[in-house]
Amino acid sequence: MSPKTVQAILAFFDDIGLPYKLGDIHEASFLPGIRIVAGGLLIDMAKLLYPGDLLHEAGHIAVSPETARGDLCGDMKDAGHQGGEEMAAIAWSWAAAMHLGLAPEVLFHPHGYRGASTNLIEAFAGNRGFGYPLLYSWFMCEQPGHPQGFPKMLRWFRDEAYRRAQLGKL
């Protein structure tokens, strides 16, 4: 694990306002060294194995409706994150990794994603990834073909009030 990479990710969280706290994790967690608690990340640096996993879990927080974020805890499947939210969290984490200039293998490391890391890197690097249509529908990014399109983000959090205001203008 690269401490420099972790510091860059934590500075990014500070910049966008994603809450996190460093501390000990005593209960089981979905990913080593990371637990979502009350809409933020609890990070156990002694147990963290893969810095890119921080971006994936942060993606779950970011793509959750703002009214539900504070209640997020534990495994996101238990919070109702299934297909769409999972894909959006993966797309968000790719956008964050590209924003930070990280190597794709930091996010899609060989020990995660059920052996599909290489396929995910190829898909996202070739603009054939998934999940960004939801980010686009939540006004978080433009479509990939747009000059400022995905993986560039317009905003890092799903904001229902903004979305409703934009829909009202249509």
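Biologist: Hi! How many bridges join strand 1 to strand 3, and do the two run parallel or antiparallel?
Modeller: Three bridges join strand 1 (residues 20–22) to strand 3, and the two run parallel. Strands here are DSSP runs of E with at least two residues, helices are runs of H or I with at least four, and both are numbered from the N terminus. Two strands pair if DSSP finds at least two bridges between them.

Biologist: Which residue of strand 3 is the bridge partner of L22?
Modeller: L22 has I43 as its bridge partner. Before we go on, this is a predicted model, where local features need pLDDT of at least 70 and side-chain atom pairs count only at pLDDT 80 or more, while totals for chains, interfaces and linings use all residues. Residues are numbered from 1 along each chain as its sequence is written, and side-chain values use heavy atoms, with hydrogens and water left out.

Biologist: Thanks. What about strand 2 and strand 3, parallel or antiparallel?
Modeller: Those run antiparallel, with four bridges joining strand 2 to strand 3 (residues 40–43). I36 has L41 as its bridge partner in strand 3. The hairpin has two residues between the strands, and A38 takes a positive phi near 50° there.

Biologist: And which way do the side chains of strand 3 point, buried or exposed?
Modeller: G40 and L42 point one way, L41 and I43 the other, and all are buried. Buried means under 20% relative accessible area, exposed over 50%, and partly exposed in between, with a 1.4 Å probe and protein chains only. In strand 2 (residues 34–37), I34 and I36 form a covered face, while R35 and V37 form an uncovered one.

Biologist: Switching to helices: at what angle do helix 2 and helix 4 pack?
Modeller: Helix 2 (residues 52–63) and helix 4 (residues 83–100) pack at about 120°, with their axes 8 Å apart. Axes are lines fitted to C-alpha atoms, for helices over the stretch in contact, and angles run from 0 to 180 degrees between N-to-C directions. Helix 2 is therefore oblique to helix 4; under 35 degrees counts as roughly parallel, over 145 as roughly antiparallel, 65 to 115 as roughly perpendicular and the rest as oblique.

Biologist: Last one: where is G145, and is it buried or exposed?
Modeller: G145 lies in the loop between helix 7 (132–137) and helix 8, and it counts as exposed because its relative accessibility is 77%. G145 and N127 are 18 residues apart in sequence and 8.9 Å apart in space, C-alpha to C-alpha.
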